[in-house]
Amino acid sequence: MSTHSQRRGDRYFEDVELGEERTVTDARTITEADIVNYAGVSGDFGDIHVSEEAAKNTAFGRRIAPGNMVHAIAETIGINWAVEAFSYGHDTIRFVNPVFIGDTITVHTEVTDVAEYNEEFGRIVNTYTVTNQRDETVLVDDHILLVKRRTANE
């Protein structure tokens, strides 16, 4: 198993090894603006996300970030290493712990499957573990990616 640092846009399918791990150095702090903008785009105006008063009466005692928003941010952080990659879907997405306004998330990935797909792309599974600044796991996800294969000219 090898470990690679995060480098953007320089890796092809043939460069990926089963078991390799990557901790992304681009941390992202979740802001109130993120939640407001996400609500406007998605229509998710759930009280637990947008109403401080209503959220006080929940198990969390305050507003939490929408899980799908956290997932989208984590996915964007975690995918930027390949020359070209496309999401082929996700398996077993789990929102393990809440993310609060002001939490900073980081993404750790491990390649848990590598397979042939077609002449242009290979298929890999990146298992994402998203943590906050307290090193608590907040999200786990098996992200299936189609990654550009190297051609004879590359």
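## Salt bridges

A salt bridge is counted here where a side-chain nitrogen of Lys or Arg lies within 4 Å of a carboxyl oxygen of Asp or Glu. This is a predicted model, in which local features need pLDDT of at least 70 and side-chain atom pairs count only at pLDDT 80 or more, while totals for chains, interfaces and linings use all residues. Residues are numbered from 1 along each chain as its sequence is written, and side-chain values use heavy atoms, with hydrogens and water left out.

By this rule there are 13 salt bridges. One of them joins Asp15 to Arg150, with 3.0 Å between the closest N and O atoms. This pair connects distant parts of the chain, since Asp15 sits in the segment before β1 (21-23) and Arg150 in the segment after β6, 135 residues apart; helices (H or I, at least four residues) and strands (E, at least two) are DSSP runs, numbered from the N terminus.

## Exposure of the paired residues

Relative accessible area (1.4 Å probe, protein chains only) sorts residues into buried, under 20%, exposed, over 50%, and partly exposed in between. Asp15, at 24%, is partly exposed, and Arg150, at 33%, is also partly exposed.

In another salt bridge, Arg28 and Asp34 bring their closest N and O atoms to 2.8 Å; Arg28 is partly exposed at 30%, whereas Asp34 is buried at 14%. The side chains of Glu136 and Arg134 also form a salt bridge, at 3.2 Å from N to O, with Glu136 partly exposed at 34% and Arg134 partly exposed at 42%.

## Nonpolar cores

A nonpolar core is a set of buried Ala, Val, Leu, Ile, Met, Phe, Trp, Tyr and Cys residues joined through side-chain atoms within 4.5 Å. The largest such core has 16 residues, and those with the most contacts inside it are Ile30, Ala65, Val99, Ile105, Val107 and Val130. Two or more residues each come from α4 (67-78), β4 (104-116), β5 (121-131) and β6 (137-148), and α4 gives the largest share, five residues. A second, separate core of eight residues includes Val16, Trp81, Ile124 and Leu145.

Val125 lies in strand β5 and is buried, with a relative accessible area of 9%. Leaving out residues up to four places away in sequence, Val125 is in contact (heavy atoms within 4.5 Å) with Glu110, Val111, Thr112, Asp113, Asp142, His143 and Ile144.
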